[in-house]
Amino acid sequence: MTKVRALSLTMAMILFAVLIGVLVGHQIVIKKGIDQALDPNTTESMAIEVAQLIKDNQDLRKKRDILIDERDKFLNQSTNRRAAVEAVSSNIDEYGVIAGTSQVTGKGVVVTISHEMALTQLIDLVNAIRNSGAEALSINGRRIVASSGFTSGDLQKNYRLEIIGNPRVLADALERKGGILDQITNGQVEEKDGLVLPPVGA
Amino acid sequence: MGVVVTAQVRSIKTTRALNPLSPYAALRDTRVSLAAENKLLSDANKSLSDEISASEKELKQTEYSNRQKVEKSDELKKQIGLTPLGGEGIMVTLADADNNLADSNSIAHAADMRDLINLLWANGATAISINDQRIVATTSIDCIINTVMINNVRTVPPFDIRAIGDRRRMAEAVKDENKLSDIYDRVKNEGLVFQITEQKKVEVPAYSGTFIVEYAK
């Protein structure tokens, strides 16, 4: 009888220990989740990601509308081949802007920098300009495209960067406190109409 | 009676959301729904682009001038990253140091990849991707706290960088410690992982994002 009681007691203690273990484990998991949620870095990182997703989805919706219009032109190509051909021509123009194969015009901003930069600063500046929504860029008259690589031979004493895109967005992004110009190099930003950028290799 | 009602109204305090977890939960839920919408829109655009490509093929079968136009469009698509590409090239792996005492010098940074990508372009790369994100004219590579954002897609180490082009020339440039001195200093002193292999065939995916041209004509 005593043995049975001792066994029951042992079993009860084991069950209690397991229960405590599970509860402690659960508490640790909850604490970890709360710590993560309260970490300003996590929230900030998520906020940036949400902002990027909002912008990305806006672009995707715009693109969807363009593609639907283009698809409809093609669908009717048996009756209206001219519209389909025009859609291809329009794509060639757009792709030409991105590839830099043609001269482009448009409004945007001009950034002037009146001092030397290190190669890494130039690389970071071009990266920030792309992040700000630039559609076309030239540096000291040289058209910059995806495959443009910079070497120390490209470094100069003065820079004039002509950037086509939304002038307000570009200016705000580049000039904001803690932004690229503030961080790595001083420069003046001026909104401009009628910028003319040469094709690659011109 | 009026005085009593006014006093009663004034005594009712507006409730405020003071739970510190609320902003996090709201952001997390927003991210989930935006990401789902992003996927739907991307899939819809992909499907529309496929339909248009099929129609372009049809158009190619008509007049010679139409065929030339479609071919020109195809060539430009290839040039700007809208088609997958394969060819000889190199693969580079960049990753955090394999030790528990990680600090800012022992982890891979967005700036490392910006320097590397620039060096590859300057040495004849014709197409580049990082963790399946094609590097195109609008790509920026940015550090977002402890992740890296490429083409608005969050990615983490190890970073698998693939470049198509003259593999010897690119490998020689990337192995030149003077050209990537910051990376090589951290490889020696902190154990940062940086491996280069030449490949007879490297494949890079097409750009899956969106080009929007509104201001440039």
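This is a predicted model: local features need pLDDT of at least 70, side-chain atom pairs count only at pLDDT 80 or more; totals for chains, interfaces and linings use all residues.

Start with the second largest pocket: sorted by class, its lining has 13 nonpolar, eleven polar and 15 charged residues. The volume here is about 1000 Å³.

To centre your view, select Leu67(A), Asn45(B), Lys46(B), Ser49(B) and Leu82(B), which lie nearest the middle of this pocket out of 39 lining residues. From chain A, α2 (40-75) and α3 (81-99) each give at least two lining residues, and so do α2 (22-60) and α3 (64-80) from chain B. Colour α2(B) separately, as the largest share of the lining, 14 residues, belongs to that helix.

Next stop: the largest nonpolar core. Which of its 31 residues touch the most other members? Pick Leu120(B), Ile161(B) and Phe194(B). Several elements of chain B give two or more residues to this core, among them β1 (85-95), α4 (110-122), β7 (159-164) and β8 (193-204). The largest share, seven residues, comes from α4(B).

Zoom in on Leu120(B). Leaving out residues up to four places away in sequence, Leu120(B) touches Ile90(B), Ala125(B), Ile128(B), Ile161(B), Ala163(B), Met170(B) and Val174(B).

Last, hop over to chain A and select Leu122(A), Ile139(A), Phe150(A) and Leu174(A). These four are included in a second, separate core of 23 residues.

Methods
Residues are numbered from 1 along each chain as its sequence is written. Chains are lettered from A and ligands numbered from 1 in the order in which they are written. Side-chain values use heavy atoms; hydrogens and water are left out. A nonpolar core is a set of buried Ala, Val, Leu, Ile, Met, Phe, Trp, Tyr and Cys residues joined through side-chain atoms within 4.5 Å. Buried means under 20% relative accessible area, exposed over 50%, partly exposed in between (1.4 Å probe, protein chains only). Helices (H or I, at least four residues) and strands (E, at least two) are DSSP runs, numbered from the N terminus. Contact means heavy atoms within 4.5 Å. On a 1 Å grid over the protein atoms alone, a cavity is a set of points where a 1.4 Å probe fits but cannot get out, and a pocket is an open set with protein on both sides within 12 Å along at least five of seven lines; lining residues have an atom within 4 Å of a point. Grid points are joined across faces, edges and corners, and a volume is the space filled by probe spheres set on the points. Ala, Val, Leu, Ile, Met, Phe, Trp, Tyr, Cys and Pro count as nonpolar, Asp, Glu, Lys and Arg as charged, and the others, Gly among them, as polar.
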